[in-house]
Number of protein chains: 2
Amino acid sequence: MSLGTVSNVLNKPEIVAPKTRDRVLQAIEDLGFIRNEAARQLRAGRSRTIGLVVLDIGNPFFTDLALGVELAATDAGLSVVLCNSGESITREEHYLNLLQEQRSFGILITPVSNKLTRIDAIRRRGTRAVLVDRGSSGRRCSVSVDDITGGRLAAAHLLDNGHKRIAFVGGPMGLSQVSDRLDGARKAAAEAGLAEDRMIVLETPALNVAAGRHAGERIAAISKTRRPTAVFCANDLLALGVLQEMTRRRVNVPNELAIVGYDDIEFAAAAAVPLTSIRQPSSQLGDAATKLLIEEVTKPAEHTHRQVVFEPQLVVRDSTRPP
Amino acid sequence: MSLGTVSNVLNKPEIVAPKTRDRVLQAIEDLGFIRNEAARQLRAGRSRTIGLVVLDIGNPFFTDLALGVELAATDAGLSVVLCNSGESITREEHYLNLLQEQRSFGILITPVSNKLTRIDAIRRRGTRAVLVDRGSSGRRCSVSVDDITGGRLAAAHLLDNGHKRIAFVGGPMGLSQVSDRLDGARKAAAEAGLAEDRMIVLETPALNVAAGRHAGERIAAISKTRRPTAVFCANDLLALGVLQEMTRRRVNVPNELAIVGYDDIEFAAAAAVPLTSIRQPSSQLGDAATKLLIEEVTKPAEHTHRQVVFEPQLVVRDSTRPP
DNA sequence: CCCTCGTAGTGAAACCTTTCATCTACCTCG
DNA sequence: CGAGGTAGATGAAAGGTTTCACTACGAGGG
């Protein structure tokens with residue numbers, strides 16, 4: 001029995017005679033043989049695993065996104081390694097090295113930094129990469145949601161409700177998601193004839209609940225006459241943090257402070273005061289990015305870089321609803 | 001320049017002369033050499049990646065656990081593949097095959113089924129596995145939280161508050177976490193002299209928010225005189241679902257229905273009515289399991305199977321607090 | 001001055017799969 | 001009955017790393 005035949009049984013069963021095939025399958029069963037993926041990879045020069053690098057695995061937005069990626073990958077016979085950069089450049093770097101050493105099928109990444117030189121270098125070395133939740137110029141593929149529109153929707157909603165002093169909570173500003181959402185909000189303010197400096201910006205070190213609570217403290221510390229009447233948070237985790245802090249201090253939401261979040265995670269609707277938020281098609285984002293990556297890797301000839309942009313959607317709930 | 005020397009520079013730099021070492025490192029830099037992990041694995045017979053198989057990556061309990069695993073793994077120079085079985089035996093099976101083909105360093109798994117034959121078979125074939133969030137007999141390593149005590153704590157708390165009609169919401173019963181928590185609750189009821197059949201059991205198909213909402217509908221459908229005055233949910237996602245449904249139907253929590261969750265996820269405290277819950281040391285669970293696995297794999301001689309059990313802790317919040 | 005020892009580096013084998021050119025045996029048709 | 005054709009099986013090479021037995025060389029001791 002030749003090794004080549006065994007390989008054919010496993011990979012192209014149709015070219016081997018049925019009775020030989022059965023004999024081989026029987027032997028595999030009897031011996032408890034399990035093929036060695038490392039050797040396959042070595043031979044193929046590329047693995048069957050997609051690397052997905054996200055900013056924060058504790059953020060349900062990214063787990064939803066990962067779900068979409070996983071589904072699309074499994075459909076194509078690929079698997080997914082989930083890497084959590086935790087918004088740290090060092091950790092992102094670490095994972096990118098790892099994925100290169102593993103000769104990943106390709107990389108889906110929400111980059112920590114604005115500088116994409118590192119990613120371009122990787123692409124030049126042969127590992128394909130698609131940006132997720134982050135736009136790009138024509139030199140790469142990307143799948144994102146229009147964050148400027150999202151920011152504008154959020155701020156316009158608050159302005160429509162008569163708010164004049166609006167705060168933006170988010171950071172670090174190096175994340176384009178954050179700066180784009182702020183830009184959108186500023187645009188809405190300008191369109192409504194509001195002076196630029198009327199928008200207070202509270203920059204946070206991260207996009208999580210703890211940072212939100214801290215921002216909440218800072219807002220509460222502002223004297224009541226100058227305190228903003230509404231905040232727009234760069235994501236729902238921040239918004240939940242701000243909300244928690246307001247509840248603790250008995251600041252009424254939405255009467256004393258209206259809150260808009262971003263992402264519309266499942267828990268936004270279940271919050272102490274159900275959160276108004278900007279919905280993003282998170283799992284579709286993952287699905288589209290995965291398909292783009294697979295196309296780029298498997299059909300490099302006919303592939304042209306594309307920038308898919310989804311539209312965000314305002315979901316109004318009690319946190320901004322005037323009584 | 002021999003290949004063996006290059007290998008030594010990368011793996012045991014101290015045994016190669018400094019000037020040769022620098023020459024090699026320079027060449028690596030110039031050529032943009034990236035070592036091939038597949039070849040290393042093939043040679044080593046084992047990969048440097050731990051497989052972590054969880055029930056539901058959308059459940060923050062498991063992302064916290066994964067965080068603990070990732071930290072401990074990174075410390076030991078290992079990486080983690082996160083696999084989401086989604087409580088499906090088929091998908092669990094699929095991932096277990098994948099991890100075996102990849103000759104994983106080892107597997108950390110919260111199994112879907114009570115039957116551990118599959119996992120024992122894998123262990124016999126040489127891939128080590130540690131059970132997470134799930135106890136075990138002495139034949140394997142496991143790291144878990146005492147779910148019987150947890151269930152008892154939850155139910156005892158409700159009984160202390162004077163509740164006589166208590167419902168348990170959770171499922172599928174095949175998950176030992178669910179059945180153990182129910183057993184604990186029943187013990188508490190028995191200790192309080194409550195008849196067995198006074199505990200209504202609503203079995204759910206999964207442990208997520210949607211299943212919780214559905215269970216909420218079923219509870220609300222019970223006539224007010226016979227309706228339970230309190231529910232104990234097998235996890236926080238279910239509890240949030242029940243709570244959402246009650247809010248929608250204007251059933252007051254905790255006055256008309258008290259709710260206890262389980263896991264104490266971050267969002268439990270931020271819920272419409274902050275949830276009483278049973279706290280588990282989720283990331284410690286991951287950390288301990290990873291260390292146990294590493295010991296089992298790297299020091300098989302001196303390793304003896306251990307069953308680490310953590311203690312759960314009751315956290316009281318408004319969802320059970322009498323006004 | 002020669003022998004021994006130790007350090008630094010070498011080269012080949014092994015890990016397991018896939019691929020492809022080659023070969024065999026059998027069947028068909030003239 | 002023989003030539004040609006084909007389906008099916010074979011064997012060797014390649015892929016990159018690590019390991020280990022081995023060599024070469026220089027220094028120090030007798």
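The model is predicted.

**Helix H5 of chain A**

H5(A) runs over residues 89–101. At 1.5 Å a residue, its 13 residues should span 18 Å, and its end C-alpha atoms are 18 Å apart, which agrees. Five residues of the helix are named here as buried: Glu92(A), Tyr95(A), Leu96(A), Leu99(A) and Gln100(A). Seen down the helix axis, the buried residues of H5(A) fall within an arc of 140°, so they line one face. The face turned away from that buried side carries Thr90(A) and Asn97(A), which are exposed.

What covers the buried residues of H5(A)? The cover includes strands S1 (49–54), S2 (79–84) and S3 (106–109), along with helix H6 (117–124), of chain A. After the helix comes Arg103(A), whose phi is positive, near 50°.

**Contact between chains A and B**

Chain A puts 35 residues into the contact, and chain B puts in 35 residues. On the side of chain A, H3, H4 (60–75), S2, H5 and H10 (236–248) each supply at least two residues. H3(A) gives the most, with five residues.

**Surface near DNA strand D**

DNA strand D is surrounded by 23 residues. The closest are Ser2(A), Gly4(A), Thr20(A), Gly4(B) and Ala39(B). Which helix gives the largest share? H1(B) does, with six residues.

The table sets out the make-up of the two surfaces.

| Side of chain A that touches chain B | 17 nonpolar residues | eleven polar residues | seven charged residues |

**Arg35 of chain B**

Arg35(B) sits in the loop between H2 (18–31) and H3 of chain B. Is Arg35(B) buried, exposed or partly exposed? Arg35(B) has 14 other C-beta atoms within 10 Å. A residue counts as buried at 20 or more and as exposed at 12 or fewer, so Arg35(B) is partly exposed.

Leaving aside residues up to four places away in sequence, Arg35(B) touches Glu101(A), Leu10(B) and Arg40(B). Arg35(B) and Ser7(B) are 28 residues apart in sequence, yet 9.6 Å apart in space, C-alpha to C-alpha.

Key. Residues numbered from 1 in each chain as written. Chains lettered and ligands numbered in written order. Predicted model: local features only at pLDDT ≥ 70, side-chain atom pairs only at ≥ 80, totals over all residues. Helix = DSSP H or I, 4+ residues; strand = E, 2+ residues; numbered from the N terminus. Expected span 1.5 Å × (residues − 1). Arc of directions from axis to C-beta. Contact = placed C-beta atoms within 7 Å. Near = placed C-beta within 6 Å. Nonpolar A, V, L, I, M, F, W, Y, C, P; charged D, E, K, R; others polar.
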